[in-house]
Amino acid sequence: MTMRTKSSPAATEETASARYEDIRQLLYTVLKQKRVPQGLVLLEGPLAQLFGTSRVPVRRALSLLHDEGLIARFEGRGFIVAKEAQEVEPLRIALTRELLGLDEQEALVDTRSTGEKVLENLQVVLSTAMVFGCYQVDEQQAAQHYNISRAVIRESLMRLRDKGLVEKEPYSQWLTGPLTAREIADHFEIRASLEPTALRKAGRHLAVDWLTASLEKAQKFKGKQLTAAELELLEEDLHVRCLEPAGNKLMMQILRQNQSPFIVTRIFYDLLAIPVETAMLEEHSLVYEMLLKGNWELAAACLRDHLERAQVRTLQRLKVLSVLPVPALPSFMERR
């Protein structure tokens, strides 16, 4: 079976098919809620520019909306917001986010390939499963579940192996978990040994604007319930992006493979739906404050202190998770 790549025609067609449904659904909601005036002319070009796509998915989306009776063809180019054969004066004005009642900052269409979306979802599934035991991943069933080639599933699993989320022995199945207290302690020992050293080297290379924004973000999140993406970004800012300017690629590779502390934290907050602990955010903020003052030694000491405290919290969270019911997992995940 041939793996699809981003540059192949198959991959382009696959991505376009996913985008047209996103565009159709968004416009469907706008039209049903009557956010736009009757008679508005919808043209492929301006809509493609608005959504950041080619005309192909826009054309398909408009065709489907026409089939559903939400827009009509007329004598001019494009479609018009009206019922078929309804007498409405065409309204030709610029198609903007404001006109459609859409958020000015939010990405309107997920432009990632299907493979990238599958990778992200697989990461969530594996990281959730490993907290609750040892699970086997069936490649063929996973391919059927995501309606994608087995080669793409295998490539995703190999990339997740590099993050330490799954393992595969020669001629055997893919396995994830179990995540134990001993393993978490080992991961924290590695991070506590490497991260402060990296921060001492990286500190002078970090931009003041970025540090200020990171500090404001940590303070803004106090008392709030965060999404998994927000929590992951918060952790990556301190434990990855802050350290990258140190310039040690091998060290960063090791740190990226030690993800278990972040996994437990994400699953904990995701299942219990509670605000993030203020203590964690204050510890993050203190590191940024020391970096902004140019005190690399104290920043490194604050980071080490944060990791020591985080280890205690993470082990406590793992105990809580051990008594909770196992979340529903896809059929391609089999408990061992």
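Tutor: Buried means under 20% relative accessible area, exposed over 50%, and partly exposed in between, with a 1.4 Å probe and protein chains only. Tyr 146 is buried, and so is Phe 332. This is a predicted model, in which local features need pLDDT of at least 70 and side-chain atom pairs count only at pLDDT 80 or more, while totals for chains, interfaces and linings use all residues. Residues are numbered from 1 along each chain as its sequence is written, and side-chain values use heavy atoms, leaving out hydrogens and water.

Student: Why is the pair of Tyr 146 and Phe 332 called tilted?
Tutor: Rings of Phe, Tyr and Trp (its six-membered ring) pair if their centres lie within 6.5 Å, and planes under 30 degrees apart count as stacked, over 60 as edge-to-face and the rest as tilted. The centres of Tyr 146 and Phe 332 are 5.7 Å apart and their planes stand at 50°, so the pair is tilted.

Student: What makes Trp 210 and Tyr 288 an edge-to-face pair?
Tutor: Their rings lie 6.3 Å centre to centre, with 80° between the planes, and the pair is edge-to-face.

Student: Why is Trp 210 called partly exposed, and why is Tyr 288 called buried?
Tutor: Trp 210 has a relative accessible area of 27%, and is therefore partly exposed, whereas Tyr 288 has 2%, and is therefore buried.

Student: How do you know that the charged end of Arg 60 sits over the ring of Tyr 20?
Tutor: The rule asks for NZ of Lys or CZ of Arg within 6 Å of the ring centre and within 35 degrees of the ring normal; Arg 60 sits over the ring of Tyr 20 at 5.3 Å from its centre.
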